[in-house]
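Load the model in your viewer and keep the sequence alongside.

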Amino acid sequence: MDLVIRKSRLQGREGSWDIGIQGDRIAAVAERLEDQGTEEIEAAGRLVAPTYVNGHVHLDKCNLGDIMRPNQTYSFRECLEITWEHKRTYTIEDIVERASKAIREGILHGTTVFRVFADVDTIGGLRPLEGILALKAKWQGIVHIEAVDFPQEAILRDPGTKDLMEEGMRMGADVVGGLPWHEHLDEDVRAHIDFCFELAKKYDKDLHMLVDDTSNPNSRSLEYLAVKTMRENYHGRVSASHCEALASYDEMHAHKVMDLVKNAEVSICCNPHISLALIGRHDQEPIRRGITRVRQLWGKEVNLFSSQDDVNDPYYPFGRNDQQEVAAYLCHAAHMTFPKEIEAVFDFITVNAARALRLQNYGLTPGCRADLNVLAAPTFQHTLRLQQPPVWVIRSGKLLAQNILTRELHMG
Ligand SMILES: [Zn+2]
């Protein structure tokens with residue numbers, strides 16, 4: 001064996017486990033591996049898990065927070081406008097530099113897969129996507145980056161975007177994005193979704209849309225997206241982020257929509273940081289919690305995952321590309337604090353996210369890619385409680401990052 005991790009704990013399994021790695025694959029998982037590894041890591045009872053998957057993050061606009069004017073309202077409109085002030089003059093180098101900072105932070109926090117949204121519209125043209133494709137090339141072989149061809153200004157209300165999106169797919173985008181709820185009319189919402197499906201089918205790609213990203217219960221693009229997914233036989237190939245409006249529908253309609261989502265096998269992505277910060281901001285008390293119906297969707301066994309979304313950008317002043325922090329926020333925002341629920345949230349940043357992105361060979365069984373975090377604590381509950389980064393981050397069987405935490409208590 002090239003590498004053996006000794007005495008690890010694994011989610012859902014009793015006891016202590018050794019993990020043997022050969023090349024870039026997990027070769028064996030056993031209570032005691034006799035083979036000596038060329039290198040060995042003593043997990044010493046820490047939890048070992050597949051590296052985290054951030055399935056929704058905007059890295060073309062990340063770290064604009066360092067140079068932009070302050071946000072005065074945090075309205076969606078102003079968040080867009082501040083971005084315009086920079087998007088018009090982005091350079092590829094500038095995007096790669098700002099985004100690489102976020103990728104480095106992500107790796108140190110145990111994430112090796114990033115689905116990166118790149119704005120494609122008549123303001124920035126294809127420059128943001130060119131930047132993200134350059135980012136992908138720069139990090140090739142180190143982390144997995146997917147580029148989403150994303151119409152941040154919507155499609156029908158931004159004439160010219162259709163051609164740009166088509167060109168984006170020709171340039172090598174991996175996923176067709178969408179922002180249907182931002183159109184003016186319900187019929188435009190549907191035309192928007194229809195266009196995205198045409199593009200996805202033409203290039204045989206998956207779809208990931210930002211859906212009903214508002215507390216307005218009249219925003220109802222999710223039901224059409226689910227039905228369209230079924231009609232196009234795209235089961236399991238569509239993700240919908242946000243869906244906060246679902247939380248404001250009446251119970252009867254909400255259950256109808258959630259059942260459609262389940263039947264269409266649409267994955268739902270909840271990004272708790274941004275939903276907590278922006279949704280319900282103009283409510284009078286009681287102020288809505290902001291996130292979608294996470295516990296109900298979980299109860300219906302919808303594939304749920306959870307992501308960072310924003311890193312120091314016009315929409316959100318914080319964010320460190322940390323999926324453990326995302327999980328902790330979600331546990332709080334969705335009231336998921338029972339042991340089973342905390343374990344479920346662990347899946348939201350690991351296996352469920354991998355399922356949404358249709359990653360191959362993801363997991364902890366022999367044959368899977370050796371992309372592993374040796375976490376700082378023996379359970380996920382304590383990992384979230386302590387909010388310490390993984391001690392070791394292993395990618396393709398090799399050490400990619402290490403966090404050495406030095407703390408001293410000086411007792412008087
Ligand atoms: Zn987003």
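Helices H2 and H3 cross in a right-handed way. In this predicted model, H2 covers residues 92-108 and H3 covers residues 127-138, and the two pack at an angle of about 55 degrees with their axes 8 Å apart. That angle makes H2 oblique to H3. On the H2 side, the contact is made by Ile92, Ile95, Val96, Ala99, Ser100 and Ile103. H3 answers with Arg127, Pro128, Glu130, Gly131, Ile132, Ala134, Leu135 and Lys138. Sorted by class, the residues of this contact come out as 9 nonpolar, 2 polar and 3 charged.

Now pick out Leu59 and look at what surrounds it. Setting aside residues up to four places away in sequence, Leu59 touches Ile95, Arg98, Ala99, Ala102, Ile103, Val116, Phe117, Ile132 and Leu135.

H6 (residues 221-231) and H7 have axes that come within 9 Å and cross at roughly 30 degrees. Angles under 35 degrees count as roughly parallel, so that is the label for H6 and H7. Their crossing is left-handed. The class count here is 8 nonpolar, 3 polar and 1 charged.

H10 passes H11 in a right-handed crossing. Ala327, Leu330 and Cys331 of H10 meet Ile342, Val345 and Phe348 of H11. By class, that contact has 6 nonpolar residues, with no polar and no charged ones.

Next, a couple of single residues. Is Glu146 buried or exposed? With a relative accessible area of 8%, Glu146 is buried, because the cut-off for buried is under 20%. Glu146 sits in strand S8 (residues 144-150). Leaving out its neighbours within four places in sequence, Glu146 is in contact with Phe114, Arg115, Val116, Asp174, Val175, Leu357 and Leu359.

Leu47 is in the loop between strand S4 (39-42) and strand S5 (48-50), and at 4% relative accessibility it counts as buried. Its contacts beyond four places in sequence are Arg9, Leu10, Gln11, Phe346, Asn373, Val374, Leu375, Ala377, Pro378, Thr379 and Phe380. For a sense of scale, Leu47 and Gln323 are 276 residues apart in sequence, yet their C-alpha atoms are 16 Å apart in space.

Finally, the backbone. Most residues other than glycine have a negative phi, and most peptide bonds are trans. With that in mind, go to His242 in strand S11 (residues 238-242). His242 has a phi near 75 degrees, a positive value in a residue that isn't glycine. Cys243, in the loop between S11 and helix H7 (251-264), has a positive phi too, of about 55 degrees. How accessible are they? His242 is buried, with a relative accessible area of 2%, and Cys243 counts as buried at 1%.

The last stop is a peptide bond. Glu285 and Pro286 are joined by a cis bond, with omega at about 0 degrees. You'll find Pro286 in the loop between helix H8 (272-278) and helix H9 (294-299).

Conventions:
Residues are numbered from 1 along each chain as its sequence is written. This is a predicted model: local features need pLDDT of at least 70, side-chain atom pairs count only at pLDDT 80 or more; totals for chains, interfaces and linings use all residues. Side-chain values use heavy atoms; hydrogens and water are left out. Contact means heavy atoms within 4.5 Å. A crossing is left-handed if the near helix is turned anticlockwise from the far one by less than a right angle, and right-handed if clockwise. Helices (H or I, at least four residues) and strands (E, at least two) are DSSP runs, numbered from the N terminus. Ala, Val, Leu, Ile, Met, Phe, Trp, Tyr, Cys and Pro count as nonpolar, Asp, Glu, Lys and Arg as charged, and the others, Gly among them, as polar. Buried means under 20% relative accessible area, exposed over 50%, partly exposed in between (1.4 Å probe, protein chains only). Axes are lines fitted to C-alpha atoms, for helices over the stretch in contact, and angles run from 0 to 180 degrees between N-to-C directions. Angles under 35 degrees count as roughly parallel, over 145 as roughly antiparallel, 65 to 115 as roughly perpendicular and the rest as oblique.
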